[in-house]
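Here are a few notes to read alongside the structure. Keep the viewer open and follow them point by point.

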2 protein chains.
Amino acid sequence: MKLALIGVGLIGGSFARAVRAAGRVRHIVGFDTQPEALHRALELGVIDELAASAASAVEGADLVMIATPVGSIEAVLSAIAPRLSRSAVVTDVGSTKTAVIEAARAELGIAFDRFVPAHPIAGREHSGVEHSDPALFRNSVCIITATAGTGASAIRQVELLWRDLGCRIEHMSAEDHDRVFAAVSHLPHLLAFAVVAQIASDPDAERRFAMAGPSFRDLTRIAASSPSMWTEICMSNRSAISDELRNHRQLLDKLQRALDEGDAGTLRQVFSQAATASRQGSDAID
Amino acid sequence: MKLALIGVGLIGGSFARAVRAAGRVRHIVGFDTQPEALHRALELGVIDELAASAASAVEGADLVMIATPVGSIEAVLSAIAPRLSRSAVVTDVGSTKTAVIEAARAELGIAFDRFVPAHPIAGREHSGVEHSDPALFRNSVCIITATAGTGASAIRQVELLWRDLGCRIEHMSAEDHDRVFAAVSHLPHLLAFAVVAQIASDPDAERRFAMAGPSFRDLTRIAASSPSMWTEICMSNRSAISDELRNHRQLLDKLQRALDEGDAGTLRQVFSQAATASRQGSDAID
């Protein structure tokens, strides 16, 4: 199988190394808008060949993996559509799915039935192909958000591939996916950014950061994520995130009242609900 | 030196083991309102003797360490005040300081000048004396929030002790301390509890938790903290936390508008400010 990899960052690079290690590909052609990343991927042996454009990368490819930031997926689809071979399966790893599917429907034409929208739940603190790891997806969940128009054999092919890399497959609708991830990923990132930005804009910021304990370091780890990647994710899923944020602000209104009125019972009730769920959740995850 | 340890949890237990390892104490008497924790501390050799009450624990002690949850400190001070020896130094490890100092002023009478309010910035995911560790405070900061009425020799004694345990000492006013920790610890905990409680109360909670990625696990680790301990901390520092929460809600209003209006620039600006500070902060901390 010949793989075209568009976007050679942490996720794309890890995917390429993992499918190669699994013996699933013969040849990998890569493209990235950042020439340095692309050359680094070639040097590291993550890809076998570099292409001058996304369009030329997909020529003759059996599988096209789009692993760019979500904000670039539409442009990639538009560029590759005319050059796809007739049987090529196209898939992606974007963190939001409704907008990606809309773009695919608009750009791919008759090839839309060979587009399999997917989202492997994996990541690392450090981005870039130099941190890519063929074991990144082992014991992870990969979500496939196929539509009524997605062909069964394309779905099966992408499913098998991710299973080979150690993933459990979950199927859901793109709308469900985007609502779930607005709640468990996108809003938490937005809030971590907000907490840290608030402290950073305080006149006493330096001392405040110097006093931070271990819990705060967990937050700053989240808030150290790529601002441009997260801006694109938020823009791409803004309606679901906006709904979650609205609910969150209502809960904060309640907690503010509890603080101002000295209402310990409300604080304890909310904290207990969270602690119970967190402890059950971490048992389930580990 | 004879040490009375009131409260034998993770912090109290770690303190006892650390001062013993440093050769600073001859005998440790412990008391805790939870008899199981107290017996466990004796079995583990964290304390040498158990007392029937806080009052009897402090008899003949040179140093009294109060390591209970902040909500119990006032009652402990009230109980021990009549039984303190004339030269005993009293100190604590409470996460909030203004309320603790007010309680000490009200309860300790002439012994108030020997009360040294302190807060070592250390913790672990798991609480309880069985997780206590004599190295817990190494390379940490210990904040001392002495008042104009605190005696210099008592301050020096407590400072030397924490330095022996590997801490760097910072002095600040209780009001400054409480404002700083409202921002970098208390509000972040309250928000982590709020995010997780919101997901837990969703009809789709189980699936949402099952889909959570690595960043969300950092949040649930924070939200797995003791609800009663954090309710007490929030109640004890509610005015400063309320101020920080009010500022935070204003920032969320702005982010909600940005989402609703598709204003990527505002999102990127807030996210970038946070990411820059987080990356600098983690360099400074590590």
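1. A word on domains before we start: the domain bounds used here come from an automatic or database domain assignment. For chain A, that assignment gives domain 1 (2-172) and domain 2 (176-285). Bear in mind that this is a predicted model.

2. Now look at how the two domains sit. The C-alpha centres of domain 1 of chain A and domain 2 of chain A are 30 Å apart. Their contact takes 14 residues from domain 1 of chain A and twelve residues from domain 2 of chain A. On the side of domain 1 of chain A that touches domain 2 of chain A, you'll find five nonpolar, seven polar and two charged residues.

3. Next, some strands. Strand 7 (residues 118-120) of chain A pairs with strand 8 (residues 141-144) of chain A in the antiparallel sense, over three bridges. Here A:Pro120 stands opposite A:Cys142 in strand 8 of chain A.

4. Strand 8 of chain A also pairs with strand 9 (residues 168-171) of chain A, in the parallel sense and over four bridges. If you look for the bridge partner of A:Val141 in strand 9 of chain A, go to A:Arg168. Together with helix 6 (residues 152-164) of chain A, strands 8 and 9 of chain A make a right-handed β-α-β unit.

5. Finally, the pair of chains. A rotation of 180° with 0.0 Å of shift along its axis puts chain B on chain A, with an RMSD of 0.0 Å. The two copies are therefore related as by a two-fold rotation axis. In chain B, the C-alpha nearest the axis belongs to B:Asp218, 2.9 Å from it.

6. And which surface do the copies use? 100% of the interface residues of chain B are also interface residues in chain A, so the copies meet through the same surface.

Notes
Residues numbered from 1 in each chain as written. Chains lettered and ligands numbered in written order. Predicted model: local features only at pLDDT ≥ 70, side-chain atom pairs only at ≥ 80, totals over all residues. Least-squares fit on C-alpha atoms with pLDDT ≥ 70 in both. Contact = placed C-beta atoms within 7 Å. Pairing = 2+ DSSP bridges. Helix = DSSP H or I, 4+ residues; strand = E, 2+ residues; numbered from the N terminus. Right-handed = clockwise from strand over helix to strand, strands pointing away. Nonpolar A, V, L, I, M, F, W, Y, C, P; charged D, E, K, R; others polar.
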